[in-house]
Amino acid sequence: MAPSAVSRTPQALARIEALLASDPALAEREAGLLLAADPGNAMARLFQGIARRLLGQPAAAIEVLEPLTQSAPQAPLPHLQLGLALREAGRKEAAAEAIRRAVAVKPDFADGWLALADLLVSMDDRQGADRAFGRYIEHSANDPGLREIAQALSENRTADAEAALRAHLQQHPTDVRATAMLAEVALRHGHYEAAERLLASCLELAPSYRQARHNYAVVLMRREKPNAALAEIDRLLIGEPDGAELKNLKAATLQRMGEYARAVEVYEDILARRPAEQNVWASLGHALRTLGRMDEAVRAYRKATTLKPDFGEAWWNLANLKTYRFSDADLEAMRAQLARAELGSDDRLGFHFALGKALEDQGRYEESFRQYAEGNRLRREKIQYDPGELSAYVAQAKALFTPDFFAARAGWGDPSDAPVFVVGLPRSGSTLVEQILASHSAVEGTMELTHIADIVRSLAEAPRGGKDYPDVLADLDASRARELGAAYLERASVQRKAGAPRFIDKTPANFLHIPLIALILPNARIVDVRRRPMACGFSIFKHLFAHGQPFAYRLEDIAAHYRDYVDLMGHFDAVLPGRVHRMAYESLVTDTETAIRRLLEFCGLPFEEACLRFFENPRAVSTPSSEQVRRPIFSEALEHWRHYAPWLDPLARELERAGLHEPH
């Protein structure tokens, strides 16, 4: 070869490599020209073989690649490309042998392991494929394309990550790591059904992919399939019997099943081995509180604060035990933590709300309000919330849901009368109503179920004709409505353990979805628990919610939310007369027996004295009001907000504008 040709060879090879993706025919021709000038050029020979394979000429590719693997036996790429060509020629056994040589030469050859796994799947060698996928997953972090996608995910650039993953999976549909990453994108967007589907396909190919199985269990739990989630977790625990993270997930799953005593046992098992896990102590406290074991819950929360004195959440957990009282030393300890510049933002939130409650208990209302206000300000800064979105939803619902809408769909849905939905705003007394109903022999209390929200999410993820929710409900037919009702009942059955004919779904935000409930469960009872706006609004403001409730951290937002709630419920009263029983919290407190008799009558239940003695019911109660419902009704809280009236003008002013004014 002439010296000038040698100098041009790197550029020529780079051009041929680039052409492989865009124009393999031209790449094949240029590789041939280069080989004519330099017959011993191994890279040109490799590119020629790849080009022929991409042109659908596997026999011609094998003719080039087979001698190349013999002359360069330690080069992994020729073995891989020969294997791919042999597969395309229908010679799968020989293909597997060639690809195995590639990964034997280079054990961290991720592309080789993926190709081998894909080939073994096609050969129905599932165990071999699973092992190969495992080696691929082990080494795929070296893949530059997936590394860039992982970086996009770490920076929360989910749109970029999703586009790249979908393009990658078009070329490599069995790439289980990319599939799992796409499931993570779906999970971040709350598209749990899509995430479940992706992870299931991932595990079908690679059953030993532990991280995918862990994520699958998480998705199943979030989709309210705790039995299925528990089966996946137990499968993972076989290989990692002392895994604290897995056991934490198991305990959380047991709680979703209402198995709080079993969850306590799991937490205690973790702590027997790892007693310094402050987060596990806090989780144990939650489970104990739900079971009504308050002294033990206090000890668990206290242990968490001892292990981590700046654990703001644990201090708030103590404050949120309504009967717990902090000492002066506790107040000083909380103030000292808040004075630390390095205190984490989440911990700071917990301390502000906990200190607000401690000062409230001492009657130091102005200082208390300042703490609540600062905690709310910090929380509001961290969330994106537009109160106008709910107003727009209300307008959309009022336009869609008319008497004619429901008349045209009369008799749709599953006919079961088992569910009793308790709806309203947080801090309105819904847990008390739930406890009263659950004390009836014919009614079982469950928990705040997410099944209706999951149905809404599934409908929103698959809109028809460009419609979003709730407009998409106009396109449901009778068959689909019955199917959704039956699916709701099936999923709720996991939490129904007592065999009672009726059960409660106490999810306050379901007030948004009363039309859906009316369509799919036409005989379900719906109870709207309403508390007067100033009392309810302030109670919301002083509570640090674990999740959701983005409207709760600004007085004006709370007023707007209350206004839209009342507006929407008023519309449903007009278009669905008699479907919703309104229960005023104040009436329940001041005339308890009358209110309870009317509630039971609405639900079609005979009066039982046990409903008056609801506080003797030992059932597990997982909401923040678990302590109040274990005591007789008391009226002290009805006007408690007035202690804070001087600082609640933004709430009062917005309520007055909405026609919901209460005199100070």
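How many of the six residues of strand 1 (residues 419-424) are buried? I looked this up first.

**Basis.** I am working with a predicted model, in which local features need pLDDT of at least 70, side-chain atom pairs count only at pLDDT 80 or more, and totals for chains, interfaces and linings use all residues. Numbering starts from 1 along each chain as its sequence is written, and side-chain values use heavy atoms, with hydrogens and water left out.

**Strand 1.** I found that six of the six residues are buried, so strand 1 is largely enclosed by the rest of the structure. Buried here means under 20% relative accessible area, exposed over 50%, and partly exposed in between, with a 1.4 Å probe and protein chains only. Strands are DSSP runs of E with at least two residues, helices are runs of H or I with at least four, and both are numbered from the N terminus.

I then noted the side-chain directions. Pro-419, Phe-421 and Val-423 point one way, while Val-420, Val-422 and Gly-424 point the other way. In a regular strand the side chains alternate between the two faces of the sheet.

**Pairing of strand 1.** I counted strands as paired if DSSP finds at least two bridges between them. Strand 1 runs parallel to strand 3 (residues 502-506), and four bridges join them. Strand 1 also pairs with strand 4 (residues 525-530) in the parallel sense, over five bridges. For Phe-421, the bridge partner in strand 4 is Ile-526.

**Pro-419.** Phe-503 in strand 3 stands opposite Pro-419. I listed the contacts of Pro-419 (heavy atoms within 4.5 Å), not counting residues up to four places away in sequence: Tyr-488, Leu-489, Phe-503, Leu-521, Ala-524 and Arg-525. Pro-419 and Tyr-488 are 69 residues apart in sequence, and their C-alpha atoms are 9.8 Å apart in space.

**Helices 21 and 22.** I turned to helix packing, with axes as lines fitted to C-alpha atoms over the stretch in contact and angles from 0 to 180 degrees between N-to-C directions. Helix 21 (residues 345-361) packs on helix 22 (residues 365-381) at an angle of about 160°, with the axes 8 Å apart. That angle makes the two helices roughly antiparallel; the classes are roughly parallel under 35 degrees, roughly antiparallel over 145, roughly perpendicular from 65 to 115, and oblique for the rest. The crossing of helix 21 and helix 22 is left-handed, which means that the near helix is turned anticlockwise from the far one by less than a right angle (clockwise would be right-handed). By class, I have seven nonpolar, six polar and six charged residues in this contact. Nonpolar covers Ala, Val, Leu, Ile, Met, Phe, Trp, Tyr, Cys and Pro; charged covers Asp, Glu, Lys and Arg; polar covers the others, Gly among them.

**Helices 9 and 11.** Helix 9 (residues 144-154) and helix 11 (residues 176-188) have axes that come within 11 Å and cross at roughly 15°. They are therefore roughly parallel to each other, and their crossing is left-handed. I noted Leu-146, Ile-149, Ala-150 and Leu-153 on the helix 9 side, against Arg-177, Ala-178, Met-181, Glu-184, Val-185 and Arg-188 of helix 11. These divide into seven nonpolar, no polar and three charged residues.

**Helices 23 and 30.** The angle between helix 23 (residues 387-400) and helix 30 (residues 555-575) is about 5°, and their axes are 10 Å apart. Helix 23 is therefore roughly parallel to helix 30. I logged seven nonpolar, three polar and five charged residues for this contact.
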